[in-house]
Amino acid sequence: MNFPKANSGKNLTIEVGGQKYARYPIKTKLVTEDDDIVAVVKESVSDLLEPDDLVVISERIVAITQGRSFLVKEIKPSRLARFLVNFVHQHPGGIGLKSPWTMQLAIKEAGVFRILLAALSAVLTKPLGIRGMFYRVAGHDIAAIDGPCDYTLPPGNQSAKLGPKNPQKVAQQISEALAEGHPKPWCRVAIIDANDYGQKTLGVSEGIDPKLVEKVFADNPLGQADEQTPLAIVRLL
C-alpha cells in the first residue's frame with residue numbers, strides 16, 4: 001500500500017538512538033467538536049496499520065472534539081486577564097498566554113489563585129534569569145493553551161483552545177479501539193503537543209515511552225499550518 005509522503009519541508013524519517021523511524025503524516029477532514037476522536041482516528045489509519053505501529057495524534061484535534069476550542073469573539077476577557085498578559089513572555093512557537101483570550105481560558109481552567117501564584121513566581125524569578133516559571137507553577141495543562149494564529153486553517157485562526165482533557169485516558173481508548181479484531185498487542189497511541197520550537201507528550205497508551213515520542217517528533221513532521229495532517233503513523237524501519 002502506498003503511504004503518504006512527507007509534508008513539504010519535512011523529512012519522512014528520523015534516527016533516534018541508532019534506530020530509524022518513518023513518520024507517515026495522515027491527512028484528515030477538518031475536525032470539529034461534532035466529531036468523535038476515536039472514530040476520526042480509526043477511519044483515518046485503520047487500513048494502513050501494521051503490528052507495533054505507533055499512532056501519534058496532535059493534541060489540537062483531541063481538544064477540538066472535546067469542545068475545548070472557542071471562537072475569540074465568544075470569550076470575554078476580565079480586567080485581570082488583560083493585566084496579566086503584560087507579564088507573559090512571548091514564545092516564538094505560538095501565542096500561548098500572551099493574549100487576553102487565552103489568559104482568560106487559563107484563569108477559568110486553573111482558577112484565579114493558581115494563576116496569580118504562577119504570575120508571582122514568574123515575576124520573582126525573572127531577574128534571576130529563570131524563564132518558564134509561570135508554566136511550571138500553572139502546569140502543562142495550562143501550557144497547552146494556545147490562541148489564534150494566521151497560519152492555521154479556519155476556524156483555528158479565530159479560536160483559542162484549552163489543552164485536551166484526560167489525554168492519557170484518550171490515548172488508551174484509541175489504542176484499544178484500533179486493536180479491535182486484531183491480535184494484541186496491535187498498535188499504540190500517543191497524543192503530543194508539538195511545534196517547531198518544542199514537543200511535549202501529553203498522553204500515551206500502555207507501553208510507550210513519552211520521551212521517545214518527543215525525540216521522534218523533534219522536527220515537528222506534522223507541521224502546524226495548512227498541512228491538515230494532525231495524525232502520523234510511526235514505524236520502526
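Which helices and strands do the buried residues of α4 pack against? The legends below take up this question and then turn to other parts of the structure.

**Figure 1. Overview of the predicted model.** This is a predicted model, in which local features need pLDDT of at least 70, side-chain atom pairs count only at pLDDT 80 or more, and totals for chains, interfaces and linings use all residues. Residues are numbered from 1 along each chain as its sequence is written, and side-chain values use heavy atoms, with hydrogens and water left out. The protein has nine helices and eight strands; helices (H or I, at least four residues) and strands (E, at least two) are DSSP runs, numbered from the N terminus. Its radius of gyration is 18 Å, close to the 18 Å that the globule rule gives for 237 residues, so the protein is as compact as a globular protein of that length. That radius is taken over C-alpha atoms, and the globule rule is 2.2 Å times the number of residues to the power 0.38. Along the principal axes, the C-alpha atoms fill a box of roughly 55 × 40 × 30 Å. Of the 237 residues, 49% count as buried, where buried means under 20% relative accessible area, exposed over 50%, and partly exposed in between (1.4 Å probe, protein chains only). Among contacts (heavy atoms within 4.5 Å) between residues at least 6 apart in sequence, 67% join residues at least 24 apart.

**Figure 2. Helix α4 and its surroundings.** Helix α4 (residues 100-110) has eight of its 11 residues buried, so it is largely enclosed by the rest of the structure. The buried residues are Pro100, Thr102, Met103, Gln104, Leu105, Ala106, Ile107 and Ala110. They pack against the helices α3 (79-84), α5, α6 (133-138) and α7 (140-143) and the strands β4 (69-71) and β5 (159-161). Just after α4, Gly111 takes a positive phi of about 95 degrees.

**Figure 3. Leu84 in helix α3.** Leu84 is buried, with a relative accessible area of 5%. Not counting residues up to four places away in sequence, Leu84 touches Met103, Ile115, Leu116 and Ala119. One of these, Met103, is a buried residue of α4. Leu84 and Ser99 are 15 residues apart along the chain, and their C-alpha atoms are separated by 9.2 Å.

**Figure 4. A nonpolar surface patch of Phe83, Phe87 and Val123.** Together the three residues have about 300 Å² of accessible area, computed by the Shrake-Rupley method with a 1.4 Å probe; for residues, only the protein chains shown count as cover. Patches are made of residues with over 30% relative accessible area and no salt bridge, with like charges joined within 9 Å and nonpolar side chains (Val, Leu, Ile, Met, Phe, Trp, Tyr) within 5 Å. Val123 is found in helix α5 (residues 112-125) and counts as partly exposed at 44% relative accessibility.

**Figure 5. The aromatic pair of Phe134 and Tyr135.** A search of the whole structure finds one aromatic pair. Rings of Phe, Tyr and Trp (its six-membered ring) pair if their centres lie within 6.5 Å; planes under 30 degrees apart count as stacked, over 60 as edge-to-face and the rest as tilted. Phe134 is buried at 9% relative accessibility, whereas Tyr135 is partly exposed at 26%.

Figure 6. Arg235 is buried at 11% relative accessibility, while Glu50 is partly exposed at 40%. Glu50, Asp53 and Arg235 are linked in a network of salt bridges. Arg114 lies in helix α5 and Asp141 in helix α7, so the pair ties together parts that are 27 residues apart in sequence.

Technical notes
A salt bridge is a side-chain nitrogen of Lys or Arg within 4 Å of a carboxyl oxygen of Asp or Glu.
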